[in-house]
Amino acid sequence: MPNAAPAVIAFDLDGTLVDSAPDLLDTLDLVLEEAGAPRLPREETRKMIGAGARALVLRGLTAAGLDLDQAAQDALYDRFLVHYADHIADKTRPFPGLVEALDVLTARGHVLAVCTNKLEYLSVLLLERLGLAERFAVIAGADTYGAHKPDAKHLIETIRHAGGEASRAVMVGDSLTDVLTARNAKVPVVVVPFGYTDIPPEELGGDVLIGHYDLLPETVERLLADNLAARA
Ligand SMILES: O=C(O)COP(=O)(O)O
Ligand SMILES: [Mg+2]
């Protein structure tokens, strides 16, 4: 019997859809430099991405050994947001094969959504600049539903607003936060290995690890079918 709800494929943004590290970390370098901190190595700061911009700034300050009061931290965060918004798509690009994979998923009738710990307005701005925004039924940021990853509510609400249900959805992400979110929401999760994580991607505990977006459409079909069979 056909399921009335479309399948929803929910993507993390930073490190999953797009390689946004260059613009995020250029901005982090700039605000830390303005605060008088030494420059941190990229291998180190890359792993600080994944819990949103405020966490990125705070992690940078901690790693640089700067102990600022709340007002100074807030000012630095505001400065980060303004500069980042102005440079959000200078170097940021979709990962190879992404656009083709999204085309295939959409042609199969699946609905695409974004579930990210980036703020909603920055997520929309970035995807608009890259010409990708229209592809997603929902772009849900850390501030969209009053709960953010790894809270299951962020993913469940994203799927619901996209017109689907958690029992017929797949999450795609690059970090432990994404895997935990999917587990909490009882949604299967695909891990991509080209994002930002301090844990090796194969150790994140996802259902499937794919090395290239070419593999995503068949992987999604398999996970949806497995899920259906498990529920029968
Ligand atoms: O920008 C961040 O730190 C978080 O973004 P993500 O949830 O899309 O990985
Ligand atoms: Mg990510």
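A residue counts as near a molecule or strand if its C-beta atom, placed from the backbone, lies within 6 Å of it. The exercises below concern a predicted model, in which local features need pLDDT of at least 70, side-chain atom pairs count only at pLDDT 80 or more, and totals for chains, interfaces and linings use all residues. Residues are numbered from 1 along each chain as its sequence is written, while chains are lettered from A and ligands numbered from 1 in the order in which they are written.

**Exercise 1. The ligand shell**

Find which residues are around ligand 1, and where the ligand lies relative to domain 1 and domain 2.

Step 1. The shell of ligand 1 consists of Asp-12, Leu-13, Asp-14, Gly-15, Ile-49, Gly-50, Ala-51, Gly-52, Leu-56, Thr-116, Asn-117 and Lys-118.

Step 2. Sorted by class, the shell holds 4 nonpolar, 5 polar and 3 charged residues. Here Ala, Val, Leu, Ile, Met, Phe, Trp, Tyr, Cys and Pro count as nonpolar, Asp, Glu, Lys and Arg as charged, and the others, Gly among them, as polar.

Step 3. The domain assignment gives domain 1 (8-20 + 92-231) and domain 2 (21-86); such bounds come from an automatic or database domain assignment. Because both domains give residues to the shell, ligand 1 lies between them.

Step 4. Taken over C-alpha atoms, the centres of domain 1 and domain 2 are 25 Å apart. The contact between them takes 16 residues from domain 1 and 13 residues from domain 2, where two residues are in contact if their C-beta atoms, placed from the backbone, lie within 7 Å. The side of domain 1 that touches domain 2 has 5 nonpolar, 7 polar and 4 charged residues.

**Exercise 2. Gly-50**

Decide whether Gly-50 is buried or exposed, and list what it touches.

Step 1. Gly-50 sits in the loop between helix H2 (42-46) and helix H3 (53-64). Helices (H or I, at least four residues) and strands (E, at least two) are DSSP runs, numbered from the N terminus.

Step 2. A residue is buried if 20 or more other C-beta atoms lie within 10 Å of its own, exposed if 12 or fewer, and partly exposed in between, with C-beta atoms placed from the backbone. Gly-50 has 26 other C-beta atoms within 10 Å, so Gly-50 is buried.

Step 3. Not counting residues up to four places away in sequence, Gly-50 touches Asp-14, Gly-15, Asn-117, Ser-175, Thr-177 and Tyr-196. Thr-177 is 127 residues away along the chain, yet the two C-alpha atoms are separated by 7.6 Å.

**Exercise 3. The sheet and strand S6**

Give the strand order of the open sheet and describe how S6 is covered.

Step 1. The open sheet has 6 strands in the order S5-S4-S1-S6-S7-S8, with parallel pairing. Its edge strands are S5 and strand S8 (208-209), each of which pairs on one side only. Two strands pair if DSSP finds at least two bridges between them.

Step 2. Strand S1 (residues 8-11) is joined to S6 by 4 bridges and runs parallel to it; Ile-9 has Val-170 as its bridge partner in S6. S6 and S7 pair in the parallel sense over 3 bridges, and Gly-173 has Val-191 as its partner in S7.

Step 3. In a regular strand the side chains alternate between the two faces of the sheet. From S6, Ala-169, Met-171 and Gly-173 point one way and Val-170 and Val-172 the other, all of them buried. That makes 5 of its 5 residues buried.

**Exercise 4. From S6 through H8**

Determine which residues of helix H8 are buried, and what covers them.

Step 1. Asp-174 lies in the loop between S6 and H8. With 27 other C-beta atoms within 10 Å, Asp-174 is buried. Its contacts beyond four places in sequence include Asp-12, Gly-15 and Tyr-196.

Step 2. In H8 (residues 176-185), the buried residues are Asp-178, Val-179, Thr-181, Ala-182 and Ala-185. They are on the same side of H8 because they cover an arc of only 160° around the axis, the arc being that of the directions from the helix axis to the C-beta atoms.

Step 3. The cover of these buried residues includes helix H7 (152-161), strand S6 (169-173) and strand S7 (189-191).

Step 4. Lys-186, in the loop between H8 and S7, has a positive phi of about 60° although it is not a glycine. Lys-186 is partly exposed, with 13 other C-beta atoms within 10 Å.
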